[in-house]
There are 2 protein chains.
Amino acid sequence: MPQQKKRTEIAELGEFGLIDRLTAGFAPCNASTLRGAGDDAAVIAPGADERIVVSTDSLYEGVDFDLTYFPLKHLGYKVVTAAVSDILAMNATPSQILVSLGISAKLPVEALDDLYAGIRFACEEHKIDLAGGDTRATMTGLAITVTAIGHAREEQIVSRNGAGQNDLICLTGNLGAAYMGLRLLEREKRVLADVTDPQPQFAGYEYLLEKYLKPRPRTDILTALAEEKIVPTSMIDLSDGLASDLMQLCRASKCGARIYLERIPIAKQTTALAEEMHMDPVVAALNGGEDYELLFTVPLTMQERVMSLGLVDVIGHITPESTGCYLVTPDGSDIRLRAQGFPEK
Amino acid sequence: MPQQKKRTEIAELGEFGLIDRLTAGFAPCNASTLRGAGDDAAVIAPGADERIVVSTDSLYEGVDFDLTYFPLKHLGYKVVTAAVSDILAMNATPSQILVSLGISAKLPVEALDDLYAGIRFACEEHKIDLAGGDTRATMTGLAITVTAIGHAREEQIVSRNGAGQNDLICLTGNLGAAYMGLRLLEREKRVLADVTDPQPQFAGYEYLLEKYLKPRPRTDILTALAEEKIVPTSMIDLSDGLASDLMQLCRASKCGARIYLERIPIAKQTTALAEEMHMDPVVAALNGGEDYELLFTVPLTMQERVMSLGLVDVIGHITPESTGCYLVTPDGSDIRLRAQGFPEK
């Protein structure tokens with residue numbers, strides 16, 4: 001955590017004062033936000049014929065972030081991305097968030113100012129209103145839960161369970177960069193643990209840091225899909241890693257999948273750092289997680305239209321459930337996908 | 001925490017297995033729950049001309065509950081009450097919840113089964129659907145965030161900010177019982193700390209334990225108000241204590257208040273235990289918190305109608321903002337109300 005010039009204790013402000021300070025400067029920009037922060041609950045006006053889409057996501061200090069190298073402003077931005085990404089994965093437009101904070105007394109008010117500056121930046125960038133929340137003291141580390149609310153017409157909404165036989169598996173962006181960004185930060189933390197005035201070496205890997213510390217939600221994809229009138233048959237956001245999330249989609253859709261290793265997009269910096277660390281970049285791409293890219297399926301007939309977006313790679317296709325989920329290597333071997341991650345051991 | 005006969009480690013089930021197990025047996029009962037758990041987000045169909053009301057509430061181990069004496073089944077019930085109570089305070093009908101869990105590996109799966117049994121019981125009792133959530137491993141204690149979603153017609157919705165001059169201040173139930181229940185549990189924990197096979201003494205105070213461990217959301221009040229066609233001018237749920245919550249209502253409504261000590265309903269067991277512990281029961285009622293009762297205001301002309309509900313006490317009235325918030329004692333003294341609680345020191 002960067003050194004704060006001024007340190008105001010949370011106790012100096014009290015609950016009302018703290019909430020007033022943190023939520024100042026959040027001006028609602030969506031007409032659907034009838035009442036926001038400052039009441040028992042937010043009131044949202046659904047658009048005509050629209051459904052409301054709601055998701056919740058938590059990040060915990062020590063598990064999801066390490067405050068020794070995670071700037072709070074970036075953390076604020078990232079929690080909004082994590083929550084909003086679930087709304088995008090339903091093909092819905094995010095419009096409100098509620099932020100529930102568990103804060104420990106060790107954090108000064110200025111640190112929370114930074115956190116909220118990041119939240120505010122994300123809200124402004126993606127036209128999302130802060131519509132409420134909850135602030136509590138905890139005995140332990142920082143815990144942040146963001147509930148994201150969005151809206152969509154019924155016929156636009158995309159679930160995980162609609163993938164059909166031979167559908168193309170499409171992916172936005174590239175994978176593994178966030179994970180390698182985390183590995184880089186962890187390496188520098190280890191190396192510089194006992195150094196006074198540490199100067200971490202990040203040159204050449206700035207993209208990895210940005211993907212890890214400040215991932216952007218793929219609102220651009222939703223706009224592009226809507227413009228091309230493409231409604232995916234299924235969609236999921238990539239938070240746990242391609243292998244795990246593809247398997248979740250296949251499980252919900254009762255199907256299998258074949259994805260091709262050479263088609264999985266991996267950024268140059270990801271490959272470069274993986275090689276430097278004697279790691280396989282494909283492992284980062286398959287199991288790293290926190291990419292916040294979108295994985296979706298479209299019928300085979302839509303191949304040209306989906307490629308014309310210029311934002312998407314087709315990495316494989318859907319197969320019958322009985323065949324399972326496989327990664328096909330360039331030499332033609334099939335490797336069965338395995339989910340990794342939770343619970344961490 | 002009670003001894004578990006069987007202990008299944010969370011790691012044995014994995015994330016999918018755990019979520020499947022915990023969410024089994026939750027059958028949606030609201031037509032508005034179009035899609036529930038099992039996708040990136042829940043999809044909710046608003047009723048015609050209805051608004052969606054959303055609130056979020058977190059409980060943290062070590063701050064909001066102590067697992068040495070808080071049975072997980074009751075905790076599950078209570079978190080639903082805490083979240084739903086905010087929806088009720090908007091005069092809206094709760095219909096869905098999302099549950100976000102931060103769990104530590106020290107808890108066996110059977111403990112989470114108990115927690116979800118309590119959540120399921122509350123959902124069934126109040127016709128609420130579990131529509132999603134998030135389960136993460138944490139390094140520290142148990143953290144539970146519940147997002148509650150409800151609905152109401154615009155003209156029914158009641159904010160904190162509508163109290164008018166001379167409005168009557170109305171209160172459901174009685175106050176301080178939950179706080180005295182907590183004090184009783186803490187006392188027995190202290191007394192029995194070094195005892196093998198402890199037998200805590202709760203006889204005569206069962207009501208206090210129930211109010212603390214298993215408070216019921218006041219859905220009955222909403223039904224009663226609707227039947228009598230009473231729409232309060234303002235409303236708030238009592239989670240922080242009467243003094244703090246009344247002051248919040250007055251702050252939002254830009255008014256003052258006078259409440260009368262002898263009109264504040266306090267249960268016999270609350271008074272009895274307070275006397276046994278050499279405490280003033282009024283302090284428990286004013287500052288104890290966690291009552292989950294509703295505090296609301298109605299115009300003076302509605303006094304008879306509101307009293308005819310048989311569920312409500314009129315404890316005072318609204319005054320100009322400049323006069324502040326006061327408690328009037330039987331001897332006619334005015335005591336200025338002060339908010340207590342957050343942040344805990």
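Which residue does the side chain of Glu293(A) meet in a salt bridge? In this predicted model, the partner is Arg218(A), with N and O 2.7 Å apart. Glu293(A) lies in the loop between α9 (281-287) and β10 (294-298) of chain A, and Arg218(A) in the loop between α5 (206-213) and α6 (219-227) of chain A, so the bridge ties together parts that are 75 residues apart in sequence. Glu293(A) and Arg218(A) are both buried. The two residues also belong to a network of salt bridges that links Lys211(A), Arg218(A), Asp220(A) and Glu293(A).

## Salt bridges

Over all chains, the structure holds 40 salt bridges. Across the interface of chain B and chain A, the rule finds twelve salt bridges. One residue that bridges between the chains is Arg160(B), which pairs with Asp40(A) at 3.2 Å between the closest N and O atoms. This pair runs from the loop between β6 (143-153) and β7 (168-172) of chain B to the loop between β1 (33-35) and β2 (42-44) of chain A. Arg160(B) is buried, and Asp40(A) is buried too. Arg160(B) also meets Asp39(A) in a salt bridge, with an N to O distance of 3.8 Å.

Within chain B, Arg187(B) forms a salt bridge with Glu188(B), and the closest N and O atoms are 3.4 Å apart. Glu188(B) has a relative accessible area of 8% and is buried, because the cut-off for a buried residue is under 20%.

| Residue | Partner | N to O distance |
|---|---|---|
| Glu293(A) | Arg218(A) | 2.7 Å |
| Arg160(B) | Asp40(A) | 3.2 Å |
| Arg187(B) | Glu188(B) | 3.4 Å |
| Arg160(B) | Asp39(A) | 3.8 Å |

## The interface of chain B and chain A

How many residues does the contact take from chain B and from chain A? It takes 69 residues from chain B and 69 residues from chain A. The two chains bury about 5,500 Å² between them, with 57% of that area on carbon and sulfur atoms. Between chain B and chain A, 30 residue pairs are in polar contact, counting pairs with both residues at pLDDT 80 or more. On the side of chain B that touches chain A, the largest share comes from strand β3 (residues 50-60) of chain B, with eleven residues.

## Aromatic pairs and charges over rings

The structure holds six aromatic pairs over all chains. One of them joins Tyr77(A) and Phe121(A), whose centres are 6.0 Å apart with 45° between the planes, a tilted pair. Tyr77(A) lies in helix α2 (residues 72-88) of chain A and Phe121(A) in helix α3 (residues 109-126) of chain A, so the pair ties together parts that are 44 residues apart in sequence. Is Tyr77(A) buried or exposed? Tyr77(A) counts as buried at 2% relative accessibility, whereas Phe121(A) counts as partly exposed at 39%.

In chain B, the rings of Tyr77(B) and Phe121(B) have centres 6.0 Å apart and planes at 45°, so this pair is tilted. The pair links distant parts of the chain, with Tyr77(B) in helix α2 (residues 72-88) of chain B and Phe121(B) in helix α3 (residues 109-126) of chain B, 44 residues apart. Tyr77(B) has 1% relative accessibility and counts as buried, while Phe121(B), at 40%, counts as partly exposed.

The ring of Tyr77(B) also has the charged end of Lys214(B) over it, 4.8 Å from the ring centre. In another such arrangement, the charged end of Lys78(B) sits over the ring of Tyr212(B), at 3.8 Å from its centre.

## Surroundings of Gln96(B)

Gln96(B) is placed in strand β4 (residues 93-103) of chain B. At 1% relative accessibility, Gln96(B) counts as buried. Which side chains make polar contacts with the side chain of Gln96(B)? One is that of Ser32(B), at 2.9 Å, and another is that of Thr33(B), at 2.8 Å. Neighbours within four places in sequence aside, the residues in contact with Gln96(B) include Asn30(B), Ile44(B), Ile128(B), Asp129(B) and Ala131(B). Thr147(B), Ala148(B) and Ile149(B) are also among the contacts of Gln96(B).

Notes: Residues are numbered from 1 along each chain as its sequence is written. Chains are lettered from A and ligands numbered from 1 in the order in which they are written. This is a predicted model: local features need pLDDT of at least 70, side-chain atom pairs count only at pLDDT 80 or more; totals for chains, interfaces and linings use all residues. Side-chain values use heavy atoms; hydrogens and water are left out. A salt bridge is a side-chain nitrogen of Lys or Arg within 4 Å of a carboxyl oxygen of Asp or Glu. Helices (H or I, at least four residues) and strands (E, at least two) are DSSP runs, numbered from the N terminus. Buried means under 20% relative accessible area, exposed over 50%, partly exposed in between (1.4 Å probe, protein chains only). Rings of Phe, Tyr and Trp (its six-membered ring) pair if their centres lie within 6.5 Å; planes under 30 degrees apart count as stacked, over 60 as edge-to-face and the rest as tilted. A charge sits over a ring if NZ of Lys or CZ of Arg is within 6 Å of the ring centre and within 35 degrees of the ring normal. Contact means heavy atoms within 4.5 Å. Buried area is the accessible area (1.4 Å probe) that two parts lose on being put together, summed over both. A polar contact is a pair of N or O atoms within 3.5 Å; within protein, one must be able to donate a hydrogen and the other to accept it, and residues adjacent in sequence count only if both atoms are side-chain atoms.
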